[in-house]
Amino acid sequence: MKDIISKFDIGAEVVNYKTFGSGHINDTYLIEAHHQIEGVKRYLLQRINHHVFRNVEGLMQNMHVVTTHLAEKLSQEDTQFTTVHLIPSTEGKLFYEDNRGNFWRVQSFVPNSISYDLVKTEGQAHEAGYAFGKFQNLIEDIDVERVCETIPDFHNMAFRFKNFENAIASDPVGRRPSVNKEINFAEQRKVAMLALYQQVAQQKVPIRITHNDTKFNNVLLDQHSQKAICVIDLDTVMPGVVWYDFGDAVRTIISTSEEDEPVLDKIDIQLSLYEAFTAAYLEQTAPILTPLEVSRLSYAAQYMTFIMGLRFLTDYISGDVYYKIKHPEHNLERARSQFRLVQKMEDKHEEMQHIVDKLYHQALAK
């Protein structure tokens, strides 16, 4: 590990390192290094999962484009909001490839920060809306042609259904008979879900640079003030639509439970958190959104929750080949949890869209 760290231009002696975080994809380590003048500073060392992110060079270039743009824009503002900074390798590259073919990167650690998996207060929901809205606002003037698609078809519902149906047909580990209820749930919603994706495929909504993985734990809050200070986990920054970011954030913010809650009766949605998030998000983004984007924001939450459930179910049927799991039924529990959340959103769809419409007009009037 110290040999790998030495390949990056930290300019200090590493005094400690340990595993860090709870991500599904990459392996992350918290590094402490002692600088002669600045004292101990922290960094994050990550082994990039190149089976998921096959274009590592493109991924890192995307991160470089976005983080340097954010740093420049934020330097002109009197704000606590910040961005992570990439630490180049000693050869001047954005990553290091070891002799086993693993890819590594180092980035700054945001001091005095904390993240949460579950939103518990309207204040936290508001800060998440502010963070993701401000992030979108700040990167809006980057030419989308400057970034590449790091995971092709990431939120492509047609692609996800194809993978799902292939998994059912092959049933490699014999799990299909045990999930007929979940399969039926997915198939009943196929037409509606594909219809939303077609609006994206036909470019009826603007293709923008988006985050594409807006879970609440990808927002860092200041430990003391609990104000949002940074959006992290920029692996999936690439061309997308605002529906993806708004919908995925809502998925994790308004649920009463974490995404792998096994007791389905515990799962519900909290509209007070939804309203707090949406208000802050639209305060930052209302001027740049189109009427069509706004009109489908509520349904975007169903879309993103459903696609996560579909992916978890596909992985379970396939034998758990993509997501890290803690026990054999983990992906099935995740799928069932997300599908229950979809049902809750369906029940409150009209109310959720009414909240969007009201807050959108309020934001435009300010």
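**Helix against helix**

Modeller: α5 and α11 lie oblique to each other, because their angle is neither under 35 degrees (roughly parallel), nor over 145 (roughly antiparallel), nor 65 to 115 (roughly perpendicular). This is a predicted model, where local features need pLDDT of at least 70 and side-chain atom pairs 80 or more, while totals for chains, interfaces and linings use all residues. Residues are numbered from 1 along each chain as its sequence is written, and side-chain values use heavy atoms, without hydrogens or water.

Helix α5 covers residues 180–188 and α11 residues 330–347 (helices are DSSP runs of H or I, at least four residues). The two pack at about 40°, with axes 11 Å apart (lines fitted to C-alpha atoms over the stretch in contact; angles run from 0 to 180 degrees between N-to-C directions). From α5, Glu182, Phe185 and Ala186 meet Leu332, Arg336, Phe339, Val342 and Gln343 of α11 (heavy atoms within 4.5 Å). That contact has five nonpolar, one polar and two charged residues (Asp, Glu, Lys and Arg are charged; Ala, Val, Leu, Ile, Met, Phe, Trp, Tyr, Cys and Pro nonpolar; others, Gly included, polar).

Now try another pair: α8 (residues 271–285) packs with α12 (residues 349–365) at about 30°, axes 9 Å apart. Here the crossing is right-handed (clockwise). Leu271, Tyr274 and Leu282 are among the α8 residues in this contact, and Met352, Ile355 and Tyr360 among those of α12. By class, ten residues of the contact are nonpolar, one is polar and four are charged.
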